Amino acid sequence: MTAFDADLRSLTAQTTLSRRSVIATSLATGFAMAVQPVAAQTAIVTDTNGLTAGEVRIPTQDGEIPAYRAMPAEGGPFPTILVIQEIFGVHEHIKDVCRRLAKLGYFALAPELYARQGDVSRLTSIQQIVSEVVSKVPDAQVMADLDAAVAFAQATGKADTARLGITGFCWGGRIVWLYAAHNAGVKAGVAWYGRLVGDSSALTPKHPVDVAADLKAPVLGLYGGADQGIPVETIDRMREACRSAGKTCDFVVYPDAPHAFHADYRPSYRAEPARDGWQRLQAWFRQHGVA
């Protein structure tokens, strides 16, 4: 058994899943079809100058899943940030976020967390993505894949996983809260407009408000006051759950911002809240040892 195999086994020992074959064996090229046409006038493009960036493969119990990795080309090991996808998978926007983090000195890794359920980049509507893929993704599978991603990062020798952070957007924002309750190795999380409450099911048995007392790391939540899918009342419920449990959580609600205000390639983008949130992300990670 290699050192990597031992790390992977120890990290995933607490999660029992039925084996599923990996369907999506490579990442999307460009942007997902469901977000076309892209708002080119606001879309941010971060170059790879001074970086090592590109697709990698993460071993899991079911085989390898694709991921995007970006880090400085020289030096290391670097503090590590897991980047969790929107419902559109690891397409160009998520890759660009990884490069932005790498420019700041991080080892950024975005695993494709729908790899067993399908390739959402070719689907043409959000409704189709949700019904055909996202609704079939178990939280337990996601937690295990993120554990495998941490083990992969550590095994490269370029990632300092003792300084581990996590950030995610939309679907991935919810996952930030869940993973901060799952992995005691996480030092800090930043959740962008992730859903906080919901109905329990076999695949999604708990939601962030249900695991507030189990949080093992400080989490910053960045939300839009005009988000029609995440009522401010649910943010208040999560804030109170964290307070009652004695957890370090902070929430910023941008009054006029809609859902996906950080998504610079979409009409929902709001430049000022996005810039402010990005600055707060950096400060939060520095404050809590992910730097």
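Where in the chain is the place of Pro 37? Pro 37 sits in the loop between α1 (3-12) and β1 (51-60), where helices (H or I, at least four residues) and strands (E, at least two) are DSSP runs, numbered from the N terminus. Before I go on, please note that this is a predicted model, in which local features need pLDDT of at least 70, side-chain atom pairs count only at pLDDT 80 or more, and totals for chains, interfaces and linings use all residues. Residues are numbered from 1 along each chain as its sequence is written, and side-chain values use heavy atoms, with hydrogens and water left out.

Returning to Pro 37, the peptide bond that joins Gln 36 to Pro 37 is cis, with an omega of about -5°. Another cis peptide bond runs from Gly 76 to Pro 77, with omega near 0°, and Pro 77 is found in the loop between β2 (63-72) and β3 (78-84).

Let me turn to backbone angles. Tyr 193, which is not a glycine, has a positive phi near 40°, and this residue lies in the loop between β6 (186-192) and β7 (219-224). Tyr 193 is buried, with a relative accessible area of 1%, where buried means under 20% relative accessible area, exposed over 50%, and partly exposed in between, for a 1.4 Å probe and protein chains only.

Ala 260 is not a glycine either, yet has a positive phi of about 60°, and its place is in the loop between β8 (249-254) and α7 (271-287). Which word applies to Ala 260, buried or exposed? At 3% relative accessibility, Ala 260 counts as buried.
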